[in-house]
Amino acid sequence: MAIKVREQMMNVQTRINHKEIYRTSQLVSQLCNTPIHANKSIVGSNAFAHSSGIHQDGVLKNRETYEIMTPESIGLKEVQLNLTSRSGRAAVKHRMEEMGYRETDYNLDSLYAAFLRLADKKGQVFDYDLEALAFMGQQQQEPDEFVMNYFNTQSGSSTVATASVSISRKNEEITEAATGNGPVDAVYQAISRATGYPLKLVTYQLTAKGEGRDALGQVDIVVEYQGRKFHGMGLETDIVGSSANAMMHVINSIWRSEQVEIENANTIQHKKRFNHYV
């Protein structure tokens with residue numbers, strides 16, 4: 001951006017599309033599971049924020065007083081569109097297009113369903129919420145073998161944390177309960193019992209997606225199973241719910257890997273039989 005802003009002074013040009021800087025930064029943050037610091041230059045949430053009274057007055061009169069570039073120049077909309085549960089599919093699609101996403105970049109049906117669930121919980125859904133939901137949808141394209149119906153937790157400073165879960169597998173519903181070192185651990189123990197997978201949690205990371213008390217919480221975990229490590233991701237306004245979704249992501253990843261191993265073993269066996277007869 002230094003070259004873009006001081007183009008005449010430096011007498012240098014580039015072919016960089018500067019309006020993709022903000023969206024590219026958000027994508028890298030998602031892929032690397034690394035939050036962008038609020039005070040990060042250009043792409044941080046405070047980059048175009050002004051709290052001082054004299055600064056606010058100057059910006060209202062002329063933004064160039066304190067800003068050598070505009071939010072629009074990096075692809076950031078100055079005014080974000082607030083979507084609610086009353087918003088239709090067309091509004092969500094239009095907002096994604098405004099943020100630079102093509103319809104082929106995401107599944108509108110699954111995105112809109114996730115959008116409605118989130119809107120019912122937090123009222124308003126912002127741009128960063130939609131981007132997080134779209135990213136999660138891309139990570140979970142295949143249908144799940146295990147589906148979480150519901151979970152309940154109970155914990156406190158003077159009681160042992162307990163959790164109960166209900167998980168569906170095809171036409172079977174499995175319910176289990178467990179205790180743990182806190183509500184998240186209790187849910188994980190109950191999920192492990194219900195699915196039959198003995199799991200070892202290696203890493204757990206919680207990242208806020210958005211701002212305020214209704215911000216989404218993204219949980220990233222790494223779980224070890226039979227010497228292999230699996231990554232899981234969950235996204236909810238509730239931390240325990242996000243943690244549960246991350247573990248269900250892991251469970252289904254393990255199941256898919258087992259199916260691949262079975263298929264590979266059957267293929268090898270079939271080739272051996274074929275070669276024997278040939």
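Because the model is predicted, local features need pLDDT of at least 70 and side-chain atom pairs count only at pLDDT 80 or more, while totals for chains, interfaces and linings use all residues.

**Stop 1: the sheet E1-E2-E3**

Select strands E1 (146-156), E2 (residues 159-169) and E3 (172-180). Helix and strand labels are DSSP runs numbered from the N terminus (helices: H or I, at least four residues; strands: E, at least two). Here you have an open sheet of 3 strands in the order E1-E2-E3, with antiparallel pairing; two strands pair if DSSP finds at least two bridges between them. E1 and E3 are at the edges with a single partner strand each, so one side of each has no neighbour in the sheet. From one strand to the next the twist averages 15°. Angles run from 0 to 180 degrees between N-to-C directions, with axes as lines fitted to C-alpha atoms, for helices over the stretch in contact. Now zoom in on E2 and E3, which are joined by 9 bridges; Val165 stands opposite Glu176 in E3.

**Stop 2: helix H8**

Next, select H8 (183-195). This helix packs on the sheet and touches E1, E2 and E3, its direction making about 140° with that of E3; contact means heavy atoms within 4.5 Å. H8 has 13 residues and spans 18 Å from its first C-alpha to its last, close to the 18 Å expected at 1.5 Å a residue (the expected span is 1.5 Å times one less than the number of residues). Colour the buried residues of H8, including Val184, Val187, Tyr188 and Ile191. Buried means under 20% relative accessible area, exposed over 50%, and partly exposed in between (1.4 Å probe, protein chains only). After H8 comes Gly196, with a positive phi near 80°.

**Stop 3: an aromatic cluster**

Show the side chains of Phe146, Tyr197 and Tyr225, which form one aromatic cluster. Rings of Phe, Tyr and Trp (its six-membered ring) pair if their centres lie within 6.5 Å; planes under 30 degrees apart are stacked, over 60 edge-to-face, and the rest tilted. The structure holds 3 such pairs. In one of them, Tyr197 and Tyr225 have ring centres 5.3 Å apart and planes at 80°, so the pair is edge-to-face. Tyr197 is in the loop between H8 and strand E4 (200-209) and Tyr225 in strand E5 (residues 216-225), so the pair ties together parts 28 residues apart in sequence. Both tyrosines are buried.

**Stop 4: the sheet E4-E5-E6**

Tyr225 leads you into E5, part of an open sheet of 3 strands in the order E4-E5-E6, paired antiparallel. E5 and E6 share 9 bridges, and Gln218 stands opposite Leu235 in E6.

**Stop 5: salt bridges**

A salt bridge is a side-chain nitrogen of Lys or Arg within 4 Å of a carboxyl oxygen of Asp or Glu, and the count comes to 4. Pick Asp144 and Arg256, whose closest N and O atoms are 2.8 Å apart. Asp144 lies in the loop between helix H7 (127-139) and E1, and Arg256 in helix H9 (residues 239-277), so the pair ties together parts 112 residues apart in sequence. Arg256 is buried at 19% relative accessible area, whereas Asp144 is partly exposed at 41%. Finish with Arg169 and Glu145, at 3.0 Å between the closest N and O atoms.

Definitions and conventions: Residues numbered from 1 in each chain as written. Heavy atoms only, no water.
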